[in-house]
Amino acid sequence: MPEQEPKIALIGNPNSGKTSIFNQLTGLQQKVGNFPGVTVDKKTGTLELPGGIRAELIDLPGAYSFYPTSKDEKLVVQSLVQPGNDNYPDAIVYIADVTKLEKHLLLFSQLKDLGIPVVLALNMADVAEQEGLQYDLDKLSQKLGAPALLLSGRSGEGMNKLKTMLAELLAQPAIGPVDSTQYRLSPEESKLIPQLQDKFPGYTPYQLVLLAHHVKWLPFLSPLQKEQIEEAISNSGFQDLQLQVYETMQRYDQFTPIVQQARDKDGDQSASFTDRLDDLLTNRFFGPIVFFGLMLLIFHALFTWAELPMNLIEGAIGSLSTFLQNSLPEHWLTNLLTEGVLAGFSGIVVFIPQIAILFFLISLLEEVGYMARAAFMFDRIMQFFGLNGRSIVALISGGACAIPAIMSTRTISNWKERLITILVTPFISCSARIPVYTVLIGFVVPPTKIGFINLQALAFMGLYLLGIAAALLSALVFKLILRTNETSFLMLELPAYRLPVMRNVWLTVWEKVKTFTVEAGRIILIITIVLWVLSSFGPPGSIPAAETAAQRSAQEQKMNADETQDLVDAKVMEASFAGRLGKFIEPVIKPLGFDWKIGIALITSFAAREVFVATMATIYSIGHQDDEYSIREKMANQRDPVTKELVYTPATSLSLLLFYVFAMQCMSTIAVVRRETKSWKWPLIQFGFMTGLAYLSSWLAYMWLS
Ligand code: GDP
C-alpha cells in the first residue's frame with residue numbers, strides 16, 4: 001500500500017449516480033478544489049474504510065469513454081492516461097446504472113486496460129428490484145474480471161459492503177501495469193505500441209494507444225514526446241478515428257454477451273411511467289408551457305421567499321452597526337468596522353437566501369430528472385445563440401439576481417457554452433436595477449396613459465427587453481469570436497424520472513452557499529472596504545475643511561440639525577477621494593450628459609446598483625429620505641449651478657437609464673464570475689465590453705435627445 005493516503009477515484013457515465021454515491025460515502029467531509037489548469041471543480045472527500053484505513057476519494061467528472069467530447073471528459077482521460085500523475089488513483093470505483101448496463105460498460109472496459117484495481121458498483125439497485133431486473137453477480141464479476149456489487153445511491157444500501165471491498169482491494173498487492181488489452185489490438189496498434197514502450201516506461205499498451213489518439217491536446221506531453229508519438233503514428237499507419245470505432249465495436253462485442261448471459265430476467269419492457277410522462281413534458285406545445293410555468297414559480301420564489309430573510313439580515317446587521325457606532329468611540333476604526341467591514345459582510349450574506357432558494361429548487365428539478373428534459377427542449381434554439389439548453393435557467397434566474405444565476409451554469413458541461421452564458425447573464429435586468437429605473441423613468445417618460453396602457457410601465461418593459469436582446473445578441477457575437485475544439489452534443493439519453501434524494505439537494509445548497517461566501521465573499525469584502533476608504537477619506541486636511549465650511553454655510557442659512565447634517569454629508573462626499581474621482585472622470589462622462597455628481601454615484605454604486613439612489617440622496621443633501629419618490633422629486637428640481645439648466649433632462653436620464661441596463665455595475669457579479677471562470681481574464685473582458693456597450697448607447701441616446 002502506498003505510504004500516503006491511497007487515492008480512490010469515482011468514475012462513471014453522467015447520471016450514473018456518482019454524485020449520490022460520493023455524498024453517501026463522504027457526507028460533509030467534502031472539499032471542492034481545482035483540477036490544475038482547468039476550470040473544472042475537483043471534489044474530494046475522506047473515506048474511512050474498515051481496518052482503520054483512510055483514503056482520499058476523488059470524484060472525477062462524468063464521462064462516457066476515453067474519447068472525450070467535453071472538457072470534463074478530457075479531464076478524466078488526462079487523469080488516467082499518465083501513470084503517477086497527481087490524480088492517478090490507486091483504486092477505482094466504477095459506477096454503472098444497473099438498468100442500463102450495456103451502455104455503461106464501455107468506459108469500464110477501457111478502464112480495465114489501465115491495470116488499476118476496479119470495483120464495479122452497480123447502482124440503482126432499488127429500480128432494478130422494482131423492475132424485476134436481476135443479475136448473477138458472481139458470473140458478471142468473474143467474466144468482467146472485477147468484484148461487483150449492487151448498491152443504491154438513494155438508500156445507501158451497499159455502501160458498507162463497498163467499503164469492505166475497497167479495503168480488501170487496497171490490501172492486495174497492486175496489479176501493476178497490464179501488458180494486454182481487453183480487445184484484440186489492430187495491426188496498426190500492434191506496430192505502434194513497441195515503438196513507444198521504452199520511451200514511456202510504466203505505461204500500459206492501452207495507455208500508449210491513448211497517447212497516440214490524444215497527442216494533439218494532452219497537456220503533459222513535452223515537445224520531444226509529441227514528436228516521438230507522431231513519428232510512431234506515421235510509422236505504424238495509425239488512424240485516429242478509424243481505430244476509435246474499431247476499438248469501441250470490439251469492446252461492445254466482448255461485453256454485451258457477458259451482460260446478457262448474466263441477466264436472469266429481462267426488465268419490464270412495457271411503456272414505463274417515464275415514457276408516458278415524457279410524452280407530456282417534452283411535447284412541443286405543453287413542454288414549454290410547463291417549463292415556463294415552473295420557471296415563473298422559481299422566479300416568484302426568488303423574489304418573495306428571499307425578501308423576508310434578506311430584510312432580516314440587512315435589519316440585523318444594520319442594528320448591529322448602529323449599536324456599534326453608538327457604543328464605540330468616534331474614530332475612523334469604528335467607521336471602518338461599521339461602514340466597511342460590516343457593510344461588506346452584509347453585502348455577502350444578503351445573497352445567501354437567493355442562492356439557497358434557487359439551488360434548492362433547481363437541484364430538486366435536477367434530481368427528479370426534469371432539468372435534463374428542459375435542456376433537451378431548448379437545446380436547439382439556445383445553440384443557435386451559442387448557448388446551451390441549460391443556459392435558459394441562468395438567463396431566467398438572472399432576472400432576480402445574476403449571482404445565483406451565474407453559479408447555476410456549472411451544470412453546462414460544454415465550456416464555451418458555459419462561458420458565454422456567464423458572460424451574457426448580467427445583461428438581464430436584475431432586481432437591483434429596479435430602484436434605479438423607478439427613479440429615472442419619470443424624467444424620460446411622462447406618466448400618461450395611451451388607452452389603458454401606462455407609458456411608464458411600457459418603458460419599464462422596454463428596458464427589460466433591451467437587456468434580453470443584449471444578452472442574446474452578444475451571445476451570438478461570442479459564439480462567432482470564441483474558438484473551441486469541444487463539440488457540443490445534443491443530449492440523447494434522458495434519465496428516468498425519480499424521487500429526489502433530499503440529501504443531494506441539501507448538499508448542493510450547502511456547497512453553493514459555502515463557495516459563494518468563502519470565495520466570492522472575499523473579493524466583495526475587499527472591494528467594499530476600498531469603496532469605503534474612497535468615500536470616507538480625502539487628501540490630507542480636505543475632509544475637516546469641507547466639514548467646517550459646510551457647518552458655516554449651514555449656520556448662515558439658518559438650517560436645522562437634519563439639514564445641516566445632510567449638507568455636511570454632501571460636502572464630505574464631494575471632498576473625498578470618491579468625490580475627486582467623480583470630478584476626475586467628468587470629462588469622460590460629459591459626452592453622456594453626466595456631471596461629476598452622477599460620476600460619484602457611478603463609482604459608489606459599483607458596490608450594488610441600488611446604492612445609486614442613496615448616493616444621489618447624499619450628494620444632493622437630501623438624505624434621510626427613504627422613499628424613492630421623494631428623492632426623485634428633489635432630483636427633478638436640481639439645476640446646474642452655472643448654467644441653471646435642469647440636471648435631469650430627458651436626454652441625461654435616458655442616457656443614464658441605458659447605462660444601467662448595459663453596464664457591469666456590480667462587484668459581486670465580478671467576484672462570482674472570477675470564481676466560476678477561475679481567472680481574472682473573463683470578468684475583466686466582461687466588464688470591458690459591458691461598459692463599452694453602455695457608454696456607446698448612452699452617448700448615442702444623449703446625442704439624439706439633446
Ligand atoms: P451523476 O450525474 O452520476 O453524479 O448522478 P447523480 O448522483 O446526480 O444521480 C443522477 C440521478 O439518479 C439523480 O436524480 C439521483 O437522485 C438518482 N439516483 C442516484 N442513485 C440512485 C439510486 O440508487 N436509486 C435511484 N432510484 N435513483 C438514484
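This is a predicted model: local features need pLDDT of at least 70, side-chain atom pairs count only at pLDDT 80 or more; totals for chains, interfaces and linings use all residues.
In total, 18 residues surround the ligand, and Lys-18, Thr-19, Ser-20, Asp-126 and Glu-367 are the closest.

Where do these residues come from? Helix α1 gives the largest share of the shell, with 3 residues. Two helices, α1 (18-26) and α4 (125-131), each supply at least two residues of that shell.

| Residue | Distance from backbone N or O atom to ligand oxygen atom |
|---|---|
| Lys-18 | 2.8 Å |
| Arg-154 | 3.3 Å |
| Met-124 | 3.5 Å |

As for how covered the ligand is, on its own it exposes 570 Å², and the protein buries 90% of that.

Now for helix α31, which covers residues 681-705. Its 25 residues should span 36 Å at 1.5 Å a residue, and the end C-alpha atoms do sit 36 Å apart, so expectation and model agree.

Which residues of α31 are buried? They are Trp-682, Pro-683, Gln-686, Met-690, Ala-694, Ser-697, Ser-698 and Ala-701. And what covers them?

Definitions and conventions: Residues are numbered from 1 along each chain as its sequence is written. Side-chain values use heavy atoms; hydrogens and water are left out. A residue is near a molecule or strand if one of its heavy atoms lies within 4 Å of it. A polar contact is a pair of N or O atoms within 3.5 Å; within protein, one must be able to donate a hydrogen and the other to accept it, and residues adjacent in sequence count only if both atoms are side-chain atoms. Accessible areas come from the Shrake-Rupley method with a 1.4 Å probe; for residues, only the protein chains shown count as cover. Helices (H or I, at least four residues) and strands (E, at least two) are DSSP runs, numbered from the N terminus. The expected span of a helix is 1.5 Å times one less than its number of residues. Buried means under 20% relative accessible area, exposed over 50%, partly exposed in between (1.4 Å probe, protein chains only).
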